[in-house]
Amino acid sequence: MTLLVMLLVLLTGAALQALLPGWTWLGGAQPPILLALVLFYAFAHSRGWMLFCALLAGLLQDALGQVPLGFSCFCFGLAGFAALRYRDDVEEGAWLAQMVFGGLAAAAVNLLLYILLRHADAVVVSSALALRKTIGSALLGALLTPLVFRVVISLERQLGERPASREEAG
Amino acid sequence: MRDRTLFVLILAGVVLLVILNLPEPVSGRLKGFVRDAVAPLQLLVVDISRQGQETIKLARGVSQLMSENQRQAGEIARLRLRLNELDKLEDETLKLRHLLEFRNRTPRRLIACDVLGRDASGWWQTLRLDKGANDSVHADMAVTTPEGLMGRVISATARTCDVLLISDPKCKISAMVSRSQAFGIVTGNGVTTQGQPVCRMEFINVDRRHPVQNGDEVVTSGLGGVFPKDLQIGRLENVKVNDSGLYAEAEVVIAADLGALDYVFVVAGLSPGAPSATAAGPAAEAGAP
C-alpha cells in the first residue's frame, strides 16, 4: 500500500509541479512538490522508502523537463539523507521544523542542480538569476513542505496506511 | 540490520551511477517512456485546472459570457467571410504561380496541440505538448499561436513533444524587420522581473537608408530552414545603434502569450522551397538544451 500511495502522490505531484507557473520575481522557481515528498518519506518512513522515493521523484523531474537523467535523483537523495540525519532531533509534526527543512533543502537542491547543470554546460542562466531562483525555491519550499506533509498524512490515514490516532508524521 | 542498510545504500549508489552513465539514446528512450506514461495524467490535471478556471469565470458573470459569445460569434462570421476571400485569393495565387512556373507551395498544415505543462525544474523555458511522433510532430518544427511565434520543437516522443520557447537564451531565430527588411538574429533573453518574456535582436550591416525603429514589427525571415517565413515574433523596443551605424541591437517584445497554458499549433510540413542558411540569414537557428 505504501508503494501505491507513493506512486499516486509522486505522479500527481509531478503533474502539478509541471503545471503550476514559476514566479518570475522568484527567478522562475517552480514549486518544489517532488522534493517535499522526498522529505516526507525521509521524515515519516524508512531509509529504503526515502531512497526509492528520491529515485522515482528524480526520474520524474528529469523526465518532465530538460535536466539530464539522474541529476535530480542525486540531489533529492542528498536532501533525503540530510533529512534522515536530523529527523530524530526534530519534534514530530512541528510546522516550523518542516518549513525550515523544506526551505533549506529546496535552496540546496536548487543550488546543487545549478552547479551540475553549469558544469555540464546544459543551461544558460546568469549567476544573479540562479541566486534569485535559489531564494525563490527556499521560500516556496518553506511554504509548500508543511502543506505537502499534511496532504500525504491525510491521504495515508484515509487509506488505512497510518493509524488515525497518530497525529503527525514520524 | 547494519548489513541491510549497507546493502540498500550500495544498491542505491549503483542504481544512481547506472542512471547517470546511461548512453544518450538509452536515457532518451527512458525519459520518453516516463514522459509518455505521465502524459495522460498531465492532460487530466490540465483539464481539471482548465475546467476549474472556466467554472470560476462562469460564476463571475453569465451575462459577460453571453456578450462574449455574441462577440465571438460575430468574429467567427467575419473570419469566415475573410477566409472565403482568402481562399479565392489563394486559388488565384496558386494559379499565377503555376503559370509563372514558380515552385508549387502546398499550404502548411497546422497541428493543434494542448499544453501539458512547463519544464518541471524551472531552469529552461520549455513547454510540453500532447502531440508527438504519432501525430507527425518532430524536432525542428515551428510552434505558433494566432498572436505569433512561440518556439520550436526540440524533442518528440510518441505522444508528447517539448517546445523551446523563443524567450529561452538558447533559442536563436533568423528574423527580419517587415518595414525595412533588415535581417538579424533574435535570441531569447529570459523573462523580466515584471514577468514579460523578451528577446534581443542583433543587426549587422544595417542599411542606413532604412534604419530600424522602435515599434517595428519583427517576423521570421524563413532563412535557416526551421521557421517558416513571415511568422510574427513581436515588436522592437529600445533600439540602440552603435557609432558606426552598422551594428544595432534592440529588445523584442514578444507578441505571443508564452505564459498561457492554452492551445498552440505546430507548423507541419515546412515548405520545400525554404532555403537553407545563407550569409544573409545567419545560420544560427538553433538551441536545443
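Me: When do two strands count as a pair here, and which residue stands opposite Val241(B)?

Reply: Two strands pair if DSSP finds at least two bridges between them. Strands (E, at least two residues) and helices (H or I, at least four) are DSSP runs, numbered from the N terminus. In this case, Val241(B) stands opposite Ala248(B) in S11(B). One caveat: this is a predicted model, where local features need pLDDT of at least 70, side-chain atom pairs count only at pLDDT 80 or more, and totals for chains, interfaces and linings use all residues. Residues are numbered from 1 along each chain as its sequence is written, with chains lettered from A and ligands numbered from 1 in the order in which they are written.

Me: How many bridges join S10(B) and S11(B)?

Reply: S10(B) and S11(B), residues 247–254, pair in the antiparallel sense over 6 bridges. Their hairpin has 5 residues between the strands, and Gly245(B) there takes a positive phi near 80 degrees.

Me: Which strand pairs with S9(B)?

Reply: S9(B) (217–220) runs antiparallel to S10(B) (232–241), with 3 bridges. Glu217(B) stands opposite Arg235(B) in S10(B).

Me: How many residues of chain B are in contact with chain A?

Reply: Contact means that C-beta atoms, placed from the backbone, lie within 7 Å. By that test, 36 residues of chain B are in contact with 39 residues of chain A. On chain B's side, H2(B) gives the largest share, 11 residues.

Me: What share of chain B is buried?

Reply: Buried means 20 or more other C-beta atoms within 10 Å of a residue's own, exposed 12 or fewer, partly exposed in between, with C-beta atoms placed from the backbone. Buried residues are 36% of the 289 in chain B.

How values were computed. Contact = placed C-beta atoms within 7 Å.
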